[in-house]
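Subject: Structure for you to look at

Hello,

Here is the structure I promised to pass on. Please open it and keep it beside you while you read the notes below.

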Amino acid sequence: MGLGDIKDMMGQMRAAQQQMKQVQKKLGSMRVSAETGGGTVKATVDGEANLIDLEIDTALLDPDEIKVLPKLIKKAIQEAQKDARKQVMSDMKGMLGNMM
C-alpha cells in the first residue's frame, strides 16, 4: 500500500465522517407520523424514534372506545417508530451505497 492509497483512504474516511454528521442532523429534524383508530390517534416521532407529538381527536372518539384508547396510543407510537427506523435504514443504505 503506497502513500497515495493512504491519502485516498483518509479522504474517504473524512467524507464518511461528513456524511455521518449530515445523517445525525437529519435524524433530529426528521418527522414521521402514524395514525390509528381511523385518525383518532396520531403519533409523531423524530428520526431517533423519540416521541415528538401525540394528537387525540376526541371528536372521532366514541365514548364506548375510551377503554381502547391506551391501545390506540401505543399502536400509533409503535407504528411511527417502526416507520422512522425504516426511513433511517433506507437513508443509511443510500449513504453507504454512495461510498462504494
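Begin with Lys26, which is partly exposed, with a relative accessible area of 41% (buried means under 20% relative accessible area, exposed over 50%, and partly exposed in between, using a 1.4 Å probe and protein chains only). Asp91 is also partly exposed, at 24%. The side chains of Lys26 and Asp91 form a salt bridge, with 2.9 Å from N to O; the term means a side-chain nitrogen of Lys or Arg within 4 Å of a carboxyl oxygen of Asp or Glu. This pair links distant parts of the chain, with Lys26 in helix 1 (residues 3-29) and Asp91 in helix 2 (residues 69-99), 65 residues apart. Helices (H or I, at least four residues) and strands (E, at least two) are DSSP runs, numbered from the N terminus.

Before the rest, two notes on the source. The model is predicted, so local features need pLDDT of at least 70 and side-chain atom pairs count only at pLDDT 80 or more, while totals for chains, interfaces and linings use all residues. Residues are numbered from 1 along each chain as its sequence is written, and side-chain values use heavy atoms, with hydrogens and water left out.

Salt bridges

The structure holds 3 salt bridges. Apart from the pair above, Glu79 forms one with Lys75, where the closest N and O atoms are 3.4 Å apart. Both residues lie in helix 2, 4 residues apart, which is about one turn of the helix. Glu79 is partly exposed at 22%, and Lys75 is partly exposed at 41%.

Glu79 also meets Lys82 in a salt bridge, at 3.5 Å from N to O. Lys82 and Glu79 are 3 residues apart in helix 2, so about one helical turn separates them. Lys82 counts as partly exposed, at 35% relative accessibility. Through shared partners, the salt bridges join Lys75, Glu79 and Lys82 into one network.

Asp46 is found in strand 2. A polar atom of the Asp46 side chain lies 2.9 Å from the backbone nitrogen of Glu48. Leaving aside neighbours within four places in sequence, Asp46 is in contact (heavy atoms within 4.5 Å) with Leu27, Gly28, Met30, Arg31, Ile52 and Ala84.

Ala49 is found in the loop between strand 2 and strand 3. Ala49 has a positive phi of about 70° although it is not a glycine. At 15% relative accessibility, Ala49 counts as buried.

Regards

How values were computed:
Polar contact = N/O pair within 3.5 Å; in protein donor to acceptor, adjacent residues only side chain to side chain.
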